[in-house]
Amino acid sequence: MEIKQEFFPLAGDTEIIIGLAIEVHKTLGMGFLEVVYMDALEYEFNRNNIFYEREKMYDVPYKTVILPHKFFADFVVFDSVILEIKAKSSIANEDMAQTINYLKCSGCEVGLILNFGKVKLDIKRVLL
């Protein structure tokens, strides 16, 4: 699959992440909890020397204050891609909204939602 760089400026990064997620899905299949897929992805990131942060915390600014509740992104990969892991029947509108909120708080421009809960890996790119 070829992705035009002008539409997805970080396509190289997202394609690397997706490739590793496909490897995880091929190996584990569906049926595990999200945390198992996160552990497997973390293994693949380390094995492939990919920079990431797991469960990165973000503040939520509101006017002149920081709200007391925080957001925790499953992963931030390459310092530029928010990665959310799901293991359910489908990606819901709430998952899209959650990822958009993470993008707003993080300053990242692209998010990926990877759903391991189906026979075929479900992939959604989210751009801000």
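In what order do the strands of the open sheet lie, and what is the sense of their pairing?

Reply: This is a predicted model, in which local features need pLDDT of at least 70 and side-chain atom pairs count only at pLDDT 80 or more, while totals for chains, interfaces and linings use all residues. Residues are numbered from 1 along each chain as its sequence is written, and side-chain values use heavy atoms, with hydrogens and water left out.

The open sheet has 5 strands in the order E1-E2-E3-E4-E5, and their pairing is mixed. Strands (E, at least two residues) and helices (H or I, at least four) are DSSP runs numbered from the N terminus; two strands pair if DSSP finds at least two bridges between them. E1 and strand E5 (122-127) are the edge strands, each pairing on one side only. From one strand to the next the twist averages 35°. For such angles, axes are lines fitted to C-alpha atoms, for helices over the stretch in contact, and the values run from 0 to 180 degrees between N-to-C directions.

Going through the sheet in order, E1 and E2 run antiparallel and are joined by 9 bridges. Within this pairing, Pro-61 is opposite Ile-66 in E2. E2 and E3 are also antiparallel, with 3 bridges, and Val-76 has Ile-82 of E3 as its bridge partner. These two strands form a hairpin with 3 residues between them, where Phe-78 takes a positive phi near 60°. E3 and E4 then pair in the parallel sense over 6 bridges. Here Ile-85 has Leu-114 of E4 as its bridge partner, and Lys-86 is opposite Asn-115 in E4. E4 and E5 are antiparallel and joined by 6 bridges; Asn-115 is also the bridge partner of Asp-122 in E5. The hairpin of E4 and E5 has 6 residues between the strands.

Helix H3 (residues 93-106) lies across E1, E2, E3, strand E4 (110-115) and E5, at about 155° to E3. Helix H2 (residues 34-47) also packs on the sheet, where it touches E1, E2 and strand E3 (81-86) and makes about 115° with the direction of E1.

Next, burial. The cut-offs are under 20% relative accessible area for buried and over 50% for exposed, with partly exposed in between (1.4 Å probe, protein chains only). In E3, 6 of the 6 residues are buried, so the strand is largely enclosed by the rest of the structure. Its side chains split into Val-81, Leu-83 and Ile-85 pointing one way and Ile-82, Glu-84 and Lys-86 the other way. E4 is mostly covered as well, again with 6 of its 6 residues buried. From E4, Val-110, Leu-112 and Leu-114 point one way, and Gly-111, Ile-113 and Asn-115 the other.

Leu-83 gives a view of one set. Contact means heavy atoms within 4.5 Å; leaving aside neighbours within four places in sequence, Leu-83 is in contact with Ile-17, Leu-41, Phe-45, Asp-74, Phe-75, Val-77, Leu-112 and Leu-114. Leu-83 is also one of the residues touching the most other members of the largest nonpolar core, which has 22 residues; Leu-41, Phe-45, Phe-75, Ile-85 and Phe-116 are the others. Helix H1 (11-28), H2, E2, E3 and E4 each supply at least two residues of this core. A second, separate core of 10 residues includes Tyr-58, Ile-82, Ile-91 and Cys-108. A nonpolar core is a set of buried Ala, Val, Leu, Ile, Met, Phe, Trp, Tyr and Cys residues joined through side-chain atoms within 4.5 Å.

Thr-99 is buried at 0% relative accessibility.
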